[in-house]
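Please keep the sequence and the model in view while reading.

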Amino acid sequence: MMVKKDTPRQVSAKVEYSKKIKSKKAGGTKKRPAAVVAEYNGGFTYTDPASGESDTISITLTNTDLRWAKGWMPGKGDKLTAKIIEKSWDKAGQKKSFFCGKFCIDDISYSGPELTCTIGGVSVPDGNAFRCTQRNRTWKKAVLKEVASEIAKRYHLKLDYTGGTVTLGTIEQNNETDSSFLKKCCKDYGMGIKIYCGRIVIYDKAEFEAKKPVAVIKKADLQNWSYNTTITGTYTGASIKYTSGKDDEEIKCVVGSGKRILNITEKAESLKEAQLKACARVNAENEKAAVMTATIMADIRIAAGCTVKITGLGHLSGKYFVDQVIHNLEADSGYTMDLEMHKCQKPISQVSAIKTAGSKDKTAAQKKTAKKGAGAKKTEETVLNAGDRVTVNGSAYWGGNGGSAKHYSNEKMYITQVLGSSYKYQYGISRRKGGTRLGWCAGSSIKKA
């Protein structure tokens, strides 16, 4: 049957409610089918955050006969599953659905004189142990994915992990719930985390910000919007201290460059840990550099954790990461989305300098040279930092510890990056300042120009 082009848009929330009942059999439940719940649905909201919080749902039910306060009265711990159904939303006759997930009821309220019941649910595992039970444990040689996997199994959850290997080393879970402990581990290393539909989802935020936009939002699509940009609280780099495993010497690791440096008081146990923590912290702080909130007609392609492209707003336009989506369905079938977004910035990811404690200029490698008997004048001349102009007389290698190489003679170059003392070839070089790195050199192959 052909559908007329002027077919009106329709949207509905398909909510199924499962109530725990007293039963001789373990796990007794009684279900309210989606069609029954729909008869009383007076409003529906689904909140989808990108990281750090659980998904939540709120449904307002008409309660004129008080049945939701009598025989149908919900109880905390009852279950909801929710799906949004669109008909003729983008194209006449086309039907689409968006699965919101599974939720445990954690909040119930009533109001009058209209006599309504509002049920709130959260996407956490059964019971309260994940969020409420405090645990003490020392995790040794810990890896984030393995820690998350063990915690997921404890609550019969699946783990969806996207990203590289994150080594946590020795880490203390000190009177912390599994929920807060795992969130802290992810935040410290630039990883996003959320609970969705029986899964713990962990992902590399930088990787997700680098993905292509799923949708283009034009100026005409913005029903309401606001934008803010700030320099206060944003940074061009960060510094953090770590302890050398050889002599317990405290060393400062600097990522990024410039004058607005974030000093991180938390310590690390290795250069790699220091780099990851410093980059994660400064990139998180810089998310507030440019933020936007907007209300649009719903587009179920857009979910928290994706990117969108804003157009038609001059310098405010660009690629944005979606931090949160709130789906609003009104009783009259109106369906909108409230978006919270931050403008995608170039992430800080590389170490720019390594400095020994108490020295403003020396790096760890240079102090090692000084210990071998180099004079004060010679040491001062060989202090090299990212951005310095140098003369290269020697080979530049593919990697910091070797590989294929190319030889240079009296070539004027610039330092692009300085690695730690564990690398054989510590100095990245480029033909121009800030240019593409050509290779890695030993300190003996270069000197300040």
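A residue is called buried when its relative accessible area is under 20%, exposed when over 50%, and partly exposed in between, with a 1.4 Å probe and protein chains only. Helices (H or I, at least four residues) and strands (E, at least two) are DSSP runs, numbered from the N terminus. The model is a predicted one, in which local features need pLDDT of at least 70 and side-chain atom pairs count only at pLDDT 80 or more, while totals for chains, interfaces and linings use all residues. Residues are numbered from 1 along each chain as its sequence is written, and side-chain values use heavy atoms, with hydrogens and water left out.

The chain has 449 residues, of which 44% are buried. Its secondary structure comprises eight helices and 27 strands. A contact is counted when heavy atoms lie within 4.5 Å. Of the contacts with a separation of 6 or more, 61% join residues 24 or more positions apart.

The expected span of a helix is 1.5 Å times one less than its number of residues. For the 15 residues of H6 this gives 21 Å, and the end C-alpha atoms are 21 Å apart, so the two values agree. The buried residues of H6 are Leu 271, Glu 273, Ala 274, Gln 275, Lys 277, Ala 278, Cys 279, Ala 280 and Val 282. Their packing partners are helix H4 (178–188) and the strands S15 (237–243), S16 (250–256), S17 (261–263) and S22 (351–356).

Gln 275, which lies in helix H6, counts as buried because its relative accessibility is 15%. Apart from neighbours within four places in sequence, Gln 275 is in contact with Cys 253, Val 255, Ser 349, Gln 350 and Val 351. Ser 270, by contrast, belongs to the loop between S17 and H6. With a relative accessibility of 30%, Ser 270 therefore counts as partly exposed. The C-alpha atom of Ser 270 is 9.5 Å from that of Ile 251, a residue 19 positions away along the chain.

On a 1 Å grid over the protein atoms alone, a cavity is a set of points where a 1.4 Å probe fits but cannot get out, whereas a pocket is an open set with protein on both sides within 12 Å along at least five of seven lines; lining residues have an atom within 4 Å of a point. Grid points are joined across faces, edges and corners, and a volume is the space filled by probe spheres set on the points.

The largest pocket holds about 1200 Å³ of space. It is lined by 46 residues, and those closest to its centre are Gly 190, Lys 205, Ala 206, Ala 280 and Asn 283. H6 makes the greatest contribution to this lining, with seven residues. For classes, Ala, Val, Leu, Ile, Met, Phe, Trp, Tyr, Cys and Pro count as nonpolar, Asp, Glu, Lys and Arg as charged, and the others, Gly among them, as polar. On that basis the lining of the largest pocket contains 20 nonpolar, 14 polar and 12 charged residues.

The second largest pocket has a volume of about 820 Å³. Of its 29 lining residues, Gly 256, Ser 257, Ser 352, Ala 386 and Thr 416 are the closest to the centre. S16, S17, S22 and strand S24 (402–418) each give two or more residues to this lining, and S22 gives the most, with four. The classes are eight nonpolar, 14 polar and seven charged residues.

Two cavities of 30 Å³ or more are also present. The largest cavity, with a volume of about 50 Å³, is lined by Gly 52, Glu 53, Ser 54, Phe 130, Ser 179, Lys 183, Ile 193, Lys 194 and Ile 195. The second largest cavity has a volume of about 30 Å³, and its lining consists of Tyr 17, Val 37, Ile 59, Leu 61, Leu 80 and Ile 119.

Finally, a nonpolar core is a set of buried Ala, Val, Leu, Ile, Met, Phe, Trp, Tyr and Cys residues joined through side-chain atoms within 4.5 Å. In the largest such core, of 44 residues, Phe 44, Ile 302, Val 308, Tyr 335 and Met 341 touch the most other members. A second, separate core has 24 residues, including Ala 142, Val 147, Tyr 161 and Ile 202.
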